[in-house]
Amino acid sequence: MDVHSYSRPEQVRLRHLDLDLTVRFDRKVLEGSAVLHFDRLAGDELILDTRGLEIQGVDDAAGFELGGQHPFLGAPLRIRLNGPGPVRVRYTTAPGASGLQWLEPAQTAGKLHPFLYTQSQAIHARSWVPVQDSPGVRVTYTARVATPPGLRAVMGAEMQPDGTFRMEQPVPSYLIALAAGDLACRSIGPRSAVYAEPSMIDAAAREFEDTEAMIAAVEELYGPYRWGRYDLLVLPPSFPFGGMENPRLTFATPTVIAGDKSLVSLVAHELAHSWSGNLVTNATWSDFWLNEGFTVYVERRVLEKIYGRAREEAVLGRRELDREMSGLPERDRVLHVDLDGRDPDDGMTLVPYEKGALMLRTIERAVGRERFDAFLKSYFGHFAFRSITTAEFLEFIRRELPNPVPLDQWIFEPAIPAGADEPHSDAFQRVEAGWPANTSGWTTHEWLHFLRVQKEPDLARLDSEFHLTESGNSEILCQWLQMAVAGWYEPALPKVGEFLCAVGRRKFLKPLYIALMKTAEGQAMARRIYASARAGYHPIAQATLDAIVK
Ligand SMILES: [Zn+2]
């Protein structure tokens, strides 16, 4: 039972979609149709999720009814079936559809053409496709997407010679993905290419040139990559997330293009989702830790294999987790989180990511790496192309690895159990030792750690020695600007406004606005910046920030 979907897949279950869509940049809508193929198990009603969709009609059915709109669940579309055959829903999306972002030419790198991209996770697919929008329902699909001349559409699916798309592996709806704009494409490996606006393509191709090595590293650990190609799409700066693991085509923020591959852990993370998340999927959003905890664990194993440095990520992760957990209510500190009555986007914390990964690392230590690797490989193989609940995971691990750690305590209780792995990094101990004599060769994580352990930071000295206000590394810059706001270090304040207007990644926006809102002068600045920047942010980021900048 998925509390975030009106659909009743145990009665009539969606199996395949044929989409036919036209991208209308002029009206900021998608219009077209979806042909829905289903399995009738009981009853004669196919229930779909929709959000803001204008339904023009349903063909080949006995009738339909659109229910009332819920603020974040949207409205159920109940279709009365008259046979086993597919039905066609003709529809248009709403201009403010939560899963679509329409960018004006001015919001792109090239400034000449508009851009559209989707973000379906967690429950936004329903705002652009009428679908059983639960991660427990998997579908195959085809799509025909018409775009204005000169603009290219891409999807998280296989492009056919005729320009249409086909997804032969069944995926949950939150992995249906589309983007359209002025996109160039450059090959970066035997099964990988990068798509980006033409002015970004060279930098993007250089930054991501280790992608094939990463794919090979995960395959060696956990079995074959099952999705054919692994391409990357670099989005305009307003993309609200670091990355989104859309199958065959990871969507990525341009803020990871640092010029020195210092932030490519994001690619390791999104790639890892090709096993944990896309192949073995959380059946409901309460089981989200199955997607993210496993992915953070796998990401760090890949980084360790390729760059030999994953412990720093683990140390930072543990510190951030402790900091965040201390401010969370008990119910949000458990891995199997209760989201009843809540938008799953609001339940987004580090807990499923870091506490989940910490549990897996603790199990690895308890049973030995070799045994745990074999377990993970069989887990991904056993549940491949399926959506599973926490209960199914527990049943499987109890059979394969009896009593590795107190699993119920880890998963259903708020505290971190005694005996948790304690990540340690020698590099961080050196960073903590005092003012550094030599910072050449420092990783992003060493910089972040160095900045975060400053008790009473001498902001002027930090800036004059390390030129932090001019940093081209978005992670370091964001950390520095938070400190500059906290200490009201005036030389860096113009950069705060510039950064908040230039990026849309919620991970950066949220802490900076929170820092600004702590003082009267900061509040005035936050409101001024937000008034002009808000329109450029994604609806998901807007929803988060509306609650902060008041
Ligand atoms: Zn993830």
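**Entry 1**

Buried stands for under 20% relative accessible area, exposed for over 50% and partly exposed for what lies in between, with a 1.4 Å probe and protein chains only. I keep in mind that an α-helix has 3.6 residues a turn, so residues three or four places apart point the same way.

**Entry 2: basis of the values**

I noted that this is a predicted model, in which local features need pLDDT of at least 70 and side-chain atom pairs count only at pLDDT 80 or more, while totals for chains, interfaces and linings use all residues. Residues are numbered from 1 along each chain as its sequence is written, and side-chain values use heavy atoms, with hydrogens and water left out.

**Entry 3: the whole protein**

I found 17 helices and 21 strands in the protein, taken as DSSP runs numbered from the N terminus, with H or I over at least four residues for helices and E over at least two for strands. The radius of gyration is 23 Å, close to the 24 Å of the globule rule for 550 residues, so the protein is as compact as a globular protein of that length; the radius is taken over C-alpha atoms, and the rule is 2.2 Å times the number of residues to the power 0.38. Along the principal axes, the C-alpha atoms fill a box of roughly 75 × 60 × 45 Å.

I also looked up burial, and 61% of the 550 residues are buried. Of the contacts with a separation of 6 or more, 69% are between residues 24 or more positions apart. The accessible surface comes to about 21,100 Å², with 49% of it belonging to carbon and sulfur atoms, by the Shrake-Rupley method with a 1.4 Å probe.

**Entry 4: strands**

I followed β6 (residues 75-80), which pairs with β3 (residues 45-50) in the antiparallel sense over 6 bridges; strands count as paired if DSSP finds at least two bridges between them. L46 has I79 in β6 as its bridge partner. Strand β5 (residues 63-66) also pairs with β6 in the antiparallel sense, over 4 bridges, and here G63 stands opposite R80.

I then traced an open sheet of 7 strands with mixed pairing, in the order β4-β7-β2-β1-β10-β13-β12. Its edge strands, β4 (54-59) and β12 (158-159), each pair on one side only. Within this order, β2 (residues 29-40) and β7 (residues 87-92) run antiparallel and are joined by 6 bridges, with V35 having R88 in β7 as its bridge partner.

**Entry 5: two single residues**

I checked G67 in the loop between β5 and β6, and G67 is partly exposed, with a relative accessible area of 27%. Beyond its neighbours within four places in sequence, G67 is in contact with A75 and P76, and its C-alpha atom is separated by 6.4 Å from that of L77, 10 residues apart along the chain.

Key:
Contact = heavy atoms within 4.5 Å.
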